[in-house]
Amino acid sequence: MRQSISAVVFGLATLVAPLSHAAQGPSGARPPEFVSPEVSAEKAITFRIHAPKAEMVRVVGGDIPGNGSGAEMAKAESGVWEATLGPVPPGAYRYHFNVDGLAVADPRNPSTSESNANVWSLVYVPGSEFSDLVDVPHGAVAEVTYQSQTLKRPRRMHVYTPPGYGKGEGHYPVLYLLHGASDSDNSWSTIGRAGFILDNLIAAGKAKPMIVVMPAGHTGPFRFGPRRERSAGSRVDEFLADFTNDLRPYVESNYRALADREHRAIAGLSMGGSQTLNIAFSGLDEYGYIGVFSSGIFGITGGPGGGPSNRQWEEDHKETLDNAELKDGLRLVWFGCGEDDFLIGTSNATVEMLKSHGFDVAYRRTEGGHTWINWRDYLSEFAQQLFAGP
């Protein structure tokens, strides 16, 4: 037995030695020790990267307040570039480094968040009452693959199940939570902190235990407007068709979901807010709660260059909009948008349009722009109003 252990240790040493040598770099010198990112008690974030041969390095992160197109980093004699941003509000932030024009994830940070086209490094600044990781019972977020018969290929979604779900008891209401145009089905559970937000609300008795389904909103390469395919001479919204025919039936067949209107909610941000309106008003008798974050009917305020407003959506859904019976079981229509959001006009006009058809719309106008800083707040506020009963 002693000889076997020695052999294993020797084998590990032969594997580790070349890796250690490679880490030293061409000159044979080890990179200096440093931490990145580093969050101070004052909620400032210091970013660092070792790039001794680089000529220019910036830290890029659009949601980081004041960072704009990126902050220049300063180079030390050790070859480590550094920049400090903030203090910033508590919450999650995506970032990457631009090293001589090349986008690079932070090599010292294993935390990441997927968007539609790339992976970002992720840093969390503690201090949020509703999104911090604290000592409460936690649910689980699973990456789930299902087969889309509509699209003839496998698709991915993320699904949050609340604390206690794994005991195999009881059925739960469902919130379908949609992401924005630059994001993916991974985004709400990483930078959006959806699982932690629900954990904390449920533990505090502020929200009902619920399943949260986070679909992939893109069915192909991103482009503005819904992706459509031709079918029997008509044009079909691929995401709406996949959601209705494949994703929701999968969820309601494979999870202990309460599959009725009063236990089904749908919400989304930006592109996902537009998709939310399309799905909900294509089957309003199936959704009791609707949430639209930083969004509305795209084009409702007019096209580029001051073109006429797009009233086609309103015309297409006129029968539903004017059906008094469908409004009876609709418990909540909730909008949230920041005053500096580029879609504030779209949100305003959509709310007014819905009100003109007799809908009771709750509208939360806040500070800030088109950022996750607002969307996490909106999720927290919206979730607290779901499934409370008559």
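This is a predicted model: local features need pLDDT of at least 70, side-chain atom pairs count only at pLDDT 80 or more; totals for chains, interfaces and linings use all residues.

Reader: Where does S184 lie?

Author: S184 is in the loop that links β13 (174-178) to α2 (194-203).

Reader: Is S184 buried or exposed?

Author: Buried means under 20% relative accessible area. S184 has 10% relative accessibility, so it counts as buried.

Reader: Which residues does S184 touch?

Author: Leaving aside residues up to four places away in sequence, S184 touches E114, S115, N116, R156 and H179. With E114 there is a further detail: the side chain of S184 reaches its backbone oxygen at 3.3 Å.

Reader: Now the sheet, please. What is the order of the strands in the open sheet?

Author: The open sheet has 4 strands in the order β1-β2-β6-β5, and their pairing is antiparallel. β1 (38-39) and β5 (74-75) each have a single partner strand, so they stand at the edges, with one side of each left without a neighbour in the sheet.

Reader: How many bridges join β5 to β6?

Author: There are 2 bridges between β5 and strand β6 (residues 80-85), and the two run antiparallel. Look at K75, which stands opposite W81 in β6.

Reader: And what does A74 touch?

Author: A74 is found in strand β5. Not counting residues up to four places away in sequence, A74 touches V80, W81 and E82.

Key. Residues are numbered from 1 along each chain as its sequence is written. Side-chain values use heavy atoms; hydrogens and water are left out. Two strands pair if DSSP finds at least two bridges between them. Contact means heavy atoms within 4.5 Å. Buried means under 20% relative accessible area, exposed over 50%, partly exposed in between (1.4 Å probe, protein chains only). A polar contact is a pair of N or O atoms within 3.5 Å; within protein, one must be able to donate a hydrogen and the other to accept it, and residues adjacent in sequence count only if both atoms are side-chain atoms.
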